Amino acid sequence: MTAVADRPANTAATTLATEATATVPQAVARVVRERATALFGLMGNGNAHLISELTSTGFPFVTVRHEAGAVAAADAYFRASGKPATATVTYGAGFTNTLTALSEAAIARIPLILIVGDAPASGPRFFDVDQVGMAAAAGVETVRLDAQDPAARVRDAYDRAAAESRPIVVAIPYDLVEVPVQAVTQPAEALHLTTPAPATPAAAELEPLAAALRGAERPLIIAGRGVVDSAGAPEALRRLADGLGAFIATSVMARHVAGPEGDLGIAGGFARPERVEIMRRADVVLVVGASMNPFQMRYGTLVSEDATVLQVDSRAGQRHERTDRFLLADAGTALAALAAAFGATPQENGRPDGGWRARQPMPAAPRVEDMREDGSVEDGLAPDGRLNPRTMALALEGILPRERTFVQDGGHFIGWIPLMCSVPDARSHLFVGTAFQSIGLGFPSAVGAAVARPERTTVLVTGDGGGLMALADFESFVRQARSGVVVVFNDAAYGAELHQYAARGLDETAMLIEEVDFAALGRAFGAEGVKARGLQDLEALKAWVSRGAEGVFVLDLPISQDVVAEYMAESMAGAQPAPRPLPVG
């Protein structure tokens, strides 16, 4: 079960092509070796030469079973590690299979390189499709290579993908796979563009924000993924919050970004209600690197009407209508400059009582015993006799290894783990598909997370609908993960549709799924597993953890169809009609 990314390169397996003799795929492979630490993909006619060039020299290649999984795994690899994401598939159907995952990466602003085969440079064949146009429709640029210095163009694609936080497709025409390059590639050092350090905001730009924070009685800082991805931003956030005695809240993709002190948790639809009440009492709210979409803002109810809202974002178009003061800046430089404007403690900043954080007690975390007050009964069951998902999610908090990475597919079930389970850092809770409102990317995304952080237990949380859609890469996860858990919230339905549309009188026939035993499927792939019928059945998972948590364990939770997630109820009340309310940012 050792992650393939840990394998040492076998440079003796073949002789690398020289600059003078390299073919186009060999030139591309040279850049992949320079820039990437792993390649996710599936081989076909259009990328066979590229993959062979890399695998023959021991470069870490992670095989998935569906092309969408190649992009999803690479996407998750970046989210979990911050390292460059690279995937490859063949042309035609291989490429079109990636479009859902590619659209997710584009909307979620994931820097990713997808290397594909393409129609011959001499002209399309009868079965070729307009891949460039399809990628453009998904908001993704295509760099179509020729024999003129392809390595330089691929390096440029990597640089721009990183600098602009977006995916780029690199296409190799099929009739160039054995053609030598027609220009000598410059040394990598000469072509690698170093992104300049973001400029520190001018004092005049910072002062309105600093003045508002200086006068705040109850300051709250809401951090998004822009803080996670910006160098030095988490540390600067911590300094600023500590100096002001401010509370911190985060978007779902920035959980635990600055550590636990003063962290109210997620701000948005996945927030704990008692902590939302604290957030609503803030008189000054600084939002940094978060999109402030309706879900994050709880449909306009997260912030008091009287609060002053300050916003920092690197994209001018992200200014929110609720924002009073907007600063166009990188999260790290802005937070560092603001922190420098204040002392290190609340007392140094005119707050002898220690600030709001010292005055306001932090609500206690929920306990399994408390779950019985909301309709559950003994043994974690809901009134209909199936499992209560809230109780099961909370029980997992104390069972799963502490060093863990959660990967969540899309679906109704996504609200329970964020409410009940903690994470070790900001790159340890991945929400996949939520930007594009999709399901079915969970299993391959878990592969990418497992490769990115092999020392941790990768916990895939999926529904039965999305799990069945991604079944091809169930095997990939079992094969790849050193330590993995698959948790299936199995309500025998497409739960999001059931709770939105059957509840409004639409016929539920197509919303229901014949119940599947995912634990049995896992065992067929070589995993361990159990289909739980009560809290006592979680003892099997405890035993697996106590034995060292090696391999993959599948926990099938047949949950009640009657328990509606809090975020779903609020989304339906706040945004009618709601197609599939999932969080982004």
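# Why do we call it that?

Q: What is the volume of the second largest pocket?
A: Its volume is about 400 Å³. This is a predicted model, and we can go through it step by step.

Q: Which residues lie closest to the centre of the second largest pocket?
A: They are Arg-255, Gly-265, Arg-272, Arg-275 and Ser-422, out of 20 residues that line the second largest pocket.

Q: Which elements give two or more residues to the lining of the second largest pocket, and which gives the most?
A: Strand S9 (263-266), helix H16 (389-399) and helix H17 (416-420) each give two or more. S9 gives the most, with four residues.

Q: How many cavities of 30 Å³ or more are there?
A: The count comes to five. The largest cavity holds about 140 Å³ of space. A cavity differs from a pocket in this way: the probe fits inside a cavity but cannot get out, while a pocket is open.

Q: What lines the largest cavity?
A: Its lining has 19 residues, and those nearest the centre are Gly-411, His-412, Phe-413, Ala-493 and Gly-495. Helix H19 (464-469) and helix H21 (495-500) are the elements that give two or more residues to this lining.

Q: Where is Thr-509, and how far apart are the C-alpha atoms of Thr-509 and Ala-493?
A: Thr-509 has its place in the loop between H21 and helix H22 (518-525).

Q: Why is Thr-509 called exposed?
A: Its relative accessible area is 59%. Exposed means over 50%, so Thr-509 is exposed.

Q: How many aromatic pairs does a search of the whole structure find?
A: The search finds 14.

Q: Why is the pair of Phe-443 and Phe-474 called stacked?
A: Let's check two values. The ring centres are 4.4 Å apart and the planes are at 20°. Rings pair if their centres lie within 6.5 Å, and planes under 30 degrees apart count as stacked. Both conditions hold, so this pair is stacked.

Q: What makes this pair a link between distant parts of the chain?
A: Phe-443 belongs to helix H18 (residues 442-452) and Phe-474 to helix H20 (residues 474-480), and the two are 31 residues apart. Both Phe-443 and Phe-474 are buried.

Q: Which residues do ring pairs link into a cluster?
A: Tyr-91, Phe-126, Phe-127 and Tyr-174 are linked in this way.

Q: How do you know that the charged end of Arg-125 sits over the ring of Tyr-91?
A: The charged end of Arg-125 is 4.6 Å from the centre of the Tyr-91 ring. The distance limit is 6 Å, and the charge must also be within 35 degrees of the ring normal. Arg-125 is listed as sitting over the ring of Tyr-91. Another example is Arg-427, whose charged end sits over the ring of Phe-78, 5.5 Å from its centre.

Q: Why is Asp-118 called buried?
A: Asp-118 has a relative accessible area of 3%. Buried means under 20%, so Asp-118 is buried. This residue lies in strand S4 (residues 112-118).

Q: What does the side chain of Asp-118 make a polar contact with?
A: It makes one with the side chain of Arg-144, at 2.7 Å, and the limit for a polar contact is 3.5 Å. Leaving aside neighbours within four places in sequence, Asp-118 is in contact with residues including Tyr-91, Arg-125, Arg-144 and Tyr-174.

Q: What makes helix H13 mostly covered?
A: Eight of the ten residues of H13 (residues 331-340) are buried. Among them are Ala-331, Leu-335 and Leu-338. Their cover includes helix H9 (203-214), helix H11 (233-244) and strand S10 (284-288).

Q: How do you know that Asp-330 caps the N-terminal end of H13?
A: A side-chain oxygen of Asp-330 lies 3.0 Å from the backbone nitrogen of Gly-332.

Q: What is the phi of Arg-298, and why is Arg-298 called buried?
A: Its phi is near 50°, a positive value in a residue other than glycine. Arg-298 has its place in the loop between S10 and S11. Its relative accessible area is 8%, and the limit is 20%, so Arg-298 counts as buried.

Q: What is the phi of Ala-549, and where does Ala-549 lie?
A: Ala-549 has a positive phi of about 55° although it is not a glycine. Ala-549 lies in the loop between helix H23 (539-546) and strand S18 (551-558). With a relative accessible area of 4%, Ala-549 is buried.

Technical notes
Residues are numbered from 1 along each chain as its sequence is written. This is a predicted model: local features need pLDDT of at least 70, side-chain atom pairs count only at pLDDT 80 or more; totals for chains, interfaces and linings use all residues. Side-chain values use heavy atoms; hydrogens and water are left out. Rings of Phe, Tyr and Trp (its six-membered ring) pair if their centres lie within 6.5 Å; planes under 30 degrees apart count as stacked, over 60 as edge-to-face and the rest as tilted. Buried means under 20% relative accessible area, exposed over 50%, partly exposed in between (1.4 Å probe, protein chains only). A polar contact is a pair of N or O atoms within 3.5 Å; within protein, one must be able to donate a hydrogen and the other to accept it, and residues adjacent in sequence count only if both atoms are side-chain atoms. Contact means heavy atoms within 4.5 Å. On a 1 Å grid over the protein atoms alone, a cavity is a set of points where a 1.4 Å probe fits but cannot get out, and a pocket is an open set with protein on both sides within 12 Å along at least five of seven lines; lining residues have an atom within 4 Å of a point. Grid points are joined across faces, edges and corners, and a volume is the space filled by probe spheres set on the points.
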